[in-house]
Amino acid sequence: MAKVIIIGAGGVGTVVAHKCAQHPEVFSEIVIASRTLSKCQALADKIGRAGVSADSVDADSVDELVKLFERHKPDMVINVALPYQDLTIMEACLKCGVNYLDTANYEPRDVAHFEYSWQWAYRERFEQAGLTAILGCGFDPGVSGVFTAYAAKHWFSEMETLDIVDCNAGNHGKAFATNFNPEINIREITQNGRYWNEGEWVVTKPLEFHRTLTYPNIGPRESYLLFHEELESLVQNFPTIRRARFWMTFGQEYLTHLHVIQDIGMARIDEIDYNGTKIVPLQFLKAVLPNPQDLGENYHGETSIGCRISGKGKDGKHLTYYIYNNCSHEEAYRETGMQAVSYTTGVPAMVGAMMFLTGKWVKPGVHNVEEFDPDPFLAEVAANGLPWHEIVGGDLETD
Ligand code: NDP
């Protein structure tokens, strides 16, 4: 029996709240907090379970967070606000003795740069305080790291190549929309790509490399090489991996819109002056794009995310292994009112919190998900709406 605060009531926060509420034996009290009390209250009312309440907080302010934590005295905070708030929330956790979990690494507002150094710098302070911080516990990052840890534990004596493959074969019927926060999403995919090869990072131009990969139950889709944050921790935690890459599918129409957005300067993240008002073009664009939370109703098709790994099996022989989950947009929407991208992020965030609160993932310090035992986590992920599958000895299509 524990109390959690969920910070963020967007697409992902909505799924986390619904999923936590399904487990009153673990999450006996749930507080949902974002800047907008009315949204949090509406979500708490929709869930309609005893012990679920709403509050408000500006999570850019450590002082406001401390007051929120002092009011509620939670055991853990599930941070599903934006990556900009990670450090303020971690600071407040240290001040109030609260354990921490998030789904995206810290990003400064003024540079689109993703790396764990800012959050790893908190390791010693969390360790000394006896508090656990679990980083990157969505699907990717999140389940992708746990899948890799599961492969290392049960299948490989030495992993050599890792390709994380992320396909969204859904159709929401809009000409252009992003599946999670548009500002964060566009910052991520317009960056240079990067992958790990023989002990160093190789930088590519944005979306420069692509290839056709075949996804289970979906078929072939053009997949583009991106940098994704879990690569950074996975190559450190599994040092035998000599090549690690991340691939994501995009449709041609999406890419055409993205090019236009960039070419006309709407992806800029610096401030410009518009009639005496300072605006950031990408934030303005976010305000006019469809809200990812509203995409669910007419979303058809499914996502497929997994890890394709090669190396030496437990018997020393060459092994290829693919572990993945497919998630239907329609089913996610029926259960939570959100599409599959929010669903596949929210379920693992709930399960990560459950792992900590039931004593299975307790380790003072700041840790990435692959540092914990993958077995109980993956059992709960499957039991909570995201069943996963394995293909052993198949063609990984990654050479
Ligand atoms: P949304 O934009 O839908 O929601 C963001 C929420 O954060 C809103 O409720 C907003 O509250 C709240 N918020 C923003 N700023 C503040 C602040 N200063 N103080 C308090 N609350 C704030 O985003 P998503 O739900 O799509 O994404 C949430 C997170 O999940 C992001 O960090 C994203 O990167 C991550 N993510 C991770 C994935 C993974 O697989 N690991 C995949 C997809 C997303 P309000 O409306 O009141 O301002």
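User: How many Å separate the centres of domain 1 and domain 2?

Analyst: This is a predicted model, in which local features need pLDDT of at least 70, side-chain atom pairs count only at pLDDT 80 or more, and totals for chains, interfaces and linings use all residues. Residues are numbered from 1 along each chain as its sequence is written. The protein chain is divided into domain 1 (2–135) and domain 2 (143–339 + 387–392), with bounds from an automatic or database domain assignment. Taken over C-alpha atoms, the separation of the two centres is 24 Å.

User: Where does the ligand lie relative to domain 1 and domain 2, and why?

Analyst: The ligand is surrounded by 34 residues, the closest being Gly10, Ser34, Thr36, Gly138 and Phe180; a residue is near a molecule if its C-beta atom, placed from the backbone, lies within 6 Å of it. Because domain 1 and domain 2 both give residues to this shell, the ligand lies between them.

User: Which helix gives the largest share of the shell around the ligand?

Analyst: Helices are DSSP runs (H or I, at least four residues), numbered from the N terminus. Both α1 (11–21) and α13 (340–357) supply at least two residues of the shell. The largest share, 3 residues, comes from α1.

User: At roughly what angle do the axes of helix α3 and helix α4 cross?

Analyst: The axes are lines fitted to C-alpha atoms over the stretch in contact, and angles run from 0 to 180 degrees between N-to-C directions. The axes of α3 (residues 62–72) and α4 (residues 86–96) come within 9 Å. Their crossing angle is roughly 45°.
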